[in-house]
Amino acid sequence: MTLVAPSRQITPDHREASRLKVLYLLGSSRTGSTVLDNILGEFDGFFSAGEVRFLWRRLLEERRCGCGQPIGDCEVWGPILRMFLGSSCDHVEAGRIVELQRKHVRTHHTLRLLRRKPGDSLSPPGLAHYAELTAAVYRGVADLTGARVIIDSSKRPSDGALLRLLPGIETYFVHLVRDPRAVAYSRQRKKLNPDREIPATMGGKNPVLCTFQWVVGNMGANALRRMHRNDRTMVIRYEDFTRNPRSSVEKITEMLGERPQSTPFLDDHTVQLGVHHTVSGNPIRFDTGPTELREDTRWVEGLSARDRWTVTLMTLPQLLHYRYSPRVNATGSQRN
Ligand SMILES: [Zn+2]
């Protein structure tokens, strides 16, 4: 997206400004959220922000934006970070903000945040301050880029619960769900993440821990959706998204009340991706050009029988709820 006002002064207090739409992607990791974020960011007036939750931490870790620049040097995030941290992007202050996040907006704070109503004054002061910062970050992106829709693929239900409390923001949720056995396999596999000076390895996760996080993430997403306006939430299974990505994306833009004039889809399964200023996310966010979307079923052969049954037993009620079969056949598609 082209910047519309790179030199414009951004002020933190935007409560009286026009309402901004933020689409927040919920669910576990490895559900296709990064590519969905990037696809939506191709529409005019949409901004693919990646996992905004990690903005402050990625600055401290000196990791790269989706545009390839270190977060502090990015043409979008650099000015926004300097708005709060001063011209030198003070790392001590960034560390304080990370600490506020740890203290008030972690997954186990979700239910507490859900008990608050939009318009409630937030307390303690640390939470109120973090909420103001978050609202100002979104508004800063809108001011700088001209976006009217921001996509945030952070997925944590706690941040989503806070988002619905922010003044001046219309919040929408898409809850992405994927077969937990596929997620466990994907997170077991190691791959390089090129978002540091020296690329680090990601993955290698324990299937039991991954599955626990899958269960908690989806429970939190469900609770959040129940508390939100029905016409502003949607559940999409990864398997349905990858079978018919164009249709899934059209349903999302319809929910947002947007009618894009052009599409990044070259055909039903291929999308043209450009550079996006994603804070954090799957390494696929660095990919550009024609990108084909297909369901990744390598887990059917790759996940050991022991891990498959462990994950199946840990998730059985939710597995059935999301219409996945406990049994897996050769194509992994015993789903209705
Ligand atoms: Zn960037």
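The model is predicted. Its largest nonpolar core has 66 residues, and helix H6 (residues 125–145) contributes the most to this core. Helix H8 (residues 180–188) is largely enclosed by the rest of the structure, because eight of its nine residues are buried.

**Nonpolar cores**

- In the largest nonpolar core, the residues that touch the most other members are Trp 77, Tyr 138, Val 141, Ile 150 and Val 174.
- Helix H6 supplies nine residues to this core.
- Val 141 has contacts with Phe 47, Ala 49, Val 76, Ile 80, Ala 147 and Ile 150, when residues up to four places away in sequence are not counted.
- Another core, of nine residues, lies apart from the largest one, and its members include Ala 182, Val 183, Tyr 185 and Trp 214.

- The buried residues of H8 are Pro 180, Arg 181, Ala 182, Val 183, Ala 184, Tyr 185, Ser 186 and Arg 187.
- Among the elements that cover these buried residues are H9, helix H12 (298–302) and H13.

**Packing of H9 and H13**

- Helix H9 (residues 207–227) and helix H13 (residues 305–321) have axes that come within 10 Å and cross at roughly 15°.
- Angles under 35 degrees count as roughly parallel, and H9 and H13 are therefore roughly parallel to each other.
- The two helices, H9 and H13, cross with right-handed geometry.
- On the H9 side the contact is made by Pro 207, Val 208, Thr 211, Trp 214, Val 215 and Asn 218; on the H13 side it is made by Asp 307, Thr 310, Val 311, Met 314, Thr 315 and Gln 318.
- Sorted by class, the residues in the contact of H9 with H13 are six nonpolar, five polar and one charged.

**Packing of H4 and H6**

- Helix H4 (residues 91–104) packs with H6 at an angle of about 120°, and their axes are 10 Å apart.
- The crossing of H4 and H6 is left-handed.
- From H4, the residues Ile 97, Leu 100, Gln 101, Lys 103 and His 104 meet Gly 126, Leu 127, His 129, Tyr 130 and Leu 133 of H6.
- The contact of H4 with H6 consists of five nonpolar, four polar and one charged residues.

**Cys 67**

- Cys 67 sits in the loop between helix H2 (55–60) and helix H3 (77–85).
- With 17 other C-beta atoms within 10 Å, Cys 67 is partly exposed.
- Apart from neighbours within four places in sequence, the residues in contact with Cys 67 are Cys 74, Val 275 and His 277.
- Between Cys 67 and Asp 44 the C-alpha to C-alpha distance is 18 Å, and the two are 23 residues apart in sequence.

**Lys 251**

- Lys 251 belongs to helix H11 (residues 245–255).
- Lys 251 is partly exposed, because 15 other C-beta atoms lie within 10 Å.
- A distance of 17 Å separates the C-alpha atoms of Lys 251 and Leu 293, which are 42 residues apart along the chain.

Technical notes. Residues numbered from 1 in each chain as written. Predicted model: local features only at pLDDT ≥ 70, side-chain atom pairs only at ≥ 80, totals over all residues. Axes fitted to C-alpha atoms, helices over the stretch in contact; angles between N-to-C directions. Helix = DSSP H or I, 4+ residues; strand = E, 2+ residues; numbered from the N terminus. Parallel < 35°, antiparallel > 145°, perpendicular 65-115°, else oblique. Left-handed = near helix turned anticlockwise from the far one by under 90°. Contact = placed C-beta atoms within 7 Å. Nonpolar A, V, L, I, M, F, W, Y, C, P; charged D, E, K, R; others polar. Core = buried A, V, L, I, M, F, W, Y, C linked by C-beta atoms within 7 Å. Buried ≥ 20, exposed ≤ 12 C-beta atoms within 10 Å, placed from the backbone.
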